[in-house]
Amino acid sequence: MIRAFKKKVFFAIFVFVFCGIGFSKPAAPNWVKDFNSAYGRDYIGYVSTASSRDEAREKSLDLLANYFDASIQSQTNSSSLMIEESRGEEKSWYKKNVISRNIGVKSDVEIFGIEYEFYFDAKKQTHYCAAFINKVNATKLIFQRMSKSKKSFLGYYNLAVEREKQNPFSAVRYYAKASAFAKEYISLSEYLALLSPNTEIAENDSEKMLGIDAKVSRLAAQTIIGISADGEINNAIETTIRDIFANEGFALKKRGENEKYSMSIKIEKNIVSDGEVFTATPSISIEIFGGEEILFVYGKTFERSKAFNERTLEKQIETKILDELKNSLMREFYENI
């Protein structure tokens, strides 16, 4: 009787212990409570929680991106230098921020080789995610990107220098292209300073990079372009084209005889009617010449438009063309060289 009772007690204890082991909640990893103590100084990371794995990942990535954004912007706001500009014997100085901030920080953070850790707390129905980077690995990736940016910068910069005297219009476009890579290079150097403050960066090209926007502005102002319009262009479209180029620093005027550069604008509305409905397949072309040489071509043909009133259709055409010009003209001007 006593032996049977002991067997039952032993069996009950065995079942209790076994069930406790089998169904006990696994311990949360150390990084859930304290990322820094779990990973150490060689890492930068943030932990977030959410009701889904993807949302937790997105939130931790945002925190990591915001860290770099806030740190770099605080550096940028306090960093400026004086640049000398010469025109003949006259010299002038102006103050310029070291960096123009026109990059998307979140996309830039992807260059670091981000890693993730996940944990799910079944009891709380909560997902945890740590987004982090290894400083050493990230530094190597940044150096690789900086090397590519510098190589591209120098390639376009040297092309611009070759053309500056004979063809300043083309030089402007090459300098502008080089400027984009200069901004990328300097931006990357800021990230590097955060990750590895003691790393030294060669400064031999910094003056070229920091002074390039001044070159673009100066050359554009000296580049006078004469405009001639053909086809069914109206004042709103011609004015918009003028404004777009003027905003880039170019001097535009009505076509004369002495301009080194000329711009030809042509619009075709192609309106037809069957007596009830008006339809059109409009197009626009812009060509810029340096003498007989074509330096830039921009062309768009739009999808067919319909309206019961010709005036309404013409307004639709104008709106389409204006929107497209504002969206793509300058982008293609600088990219397609």
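Contact is taken here to mean heavy atoms within 4.5 Å. The structure is a predicted model, in which local features need pLDDT of at least 70 and side-chain atom pairs count only at pLDDT 80 or more, whereas totals for chains, interfaces and linings use all residues. Residues are numbered from 1 along each chain as its sequence is written, and side-chain values use heavy atoms, with hydrogens and water left out.

The chain contains 10 helices and 13 strands, where helices (H or I, at least four residues) and strands (E, at least two) are DSSP runs numbered from the N terminus. Of its 337 residues, 38% are buried; buried denotes a relative accessible area under 20%, exposed one over 50%, and partly exposed a value in between (1.4 Å probe, protein chains only). The accessible surface amounts to about 20,200 Å², and carbon and sulfur atoms account for 50% of this area. These areas come from the Shrake-Rupley method with a 1.4 Å probe, and for residues only the protein chains shown count as cover. Among contacts between residues at least 6 apart in sequence, 67% join residues at least 24 apart.

Two helix pairs that share α7 were examined. Two packed helices are described by the angle between their axes and the distance between the axes. Axes are lines fitted to C-alpha atoms, for helices over the stretch in contact, with angles running from 0 to 180 degrees between N-to-C directions. Helix α6 (residues 135-163) packs against helix α7 (residues 168-195) at an angle of about 160°, the axes lying 8 Å apart. The contact of α6 with α7 involves 22 nonpolar, 5 polar and 6 charged residues. In this classification Ala, Val, Leu, Ile, Met, Phe, Trp, Tyr, Cys and Pro count as nonpolar, Asp, Glu, Lys and Arg as charged, and the others, Gly among them, as polar.

Helix α7 also packs against helix α8 (residues 206-222), their axes coming within 9 Å and crossing at roughly 155°. Helices α7 and α8 are therefore roughly antiparallel to each other. Residues of α7 in this contact include Pro168, Ala171, Tyr175 and Ile186, and those of α8 include Met209, Leu210, Val216 and Leu219. The residues of the contact of α7 with α8 comprise 15 nonpolar, 1 polar and 3 charged.

Positive phi values in residues other than glycine were found in two loops. Gln125, in the loop between β4 (115-121) and β5 (126-134), has a phi near 50°. With a relative accessibility of 51%, Gln125 is exposed. Asn270, in the loop between β8 (261-268) and β9 (271-273), has a phi of about 55°. Asn270 is partly exposed, at 39% relative accessibility.

The loop between β8 and β9 also holds Lys269. This lysine, Lys269, is buried, with a relative accessible area of 12%. When residues up to four places away in sequence are not counted, Lys269 touches Glu232, Ala280, Thr281, Pro282, Glu314 and Ile317.

Asp54 is located in helix α4 (residues 53-77) and is exposed, at 60% relative accessibility. Its C-alpha atom is separated by 10.0 Å from that of Tyr128, although Asp54 and Tyr128 are 74 residues apart along the chain.

Methods
Angles under 35 degrees count as roughly parallel, over 145 as roughly antiparallel, 65 to 115 as roughly perpendicular and the rest as oblique.
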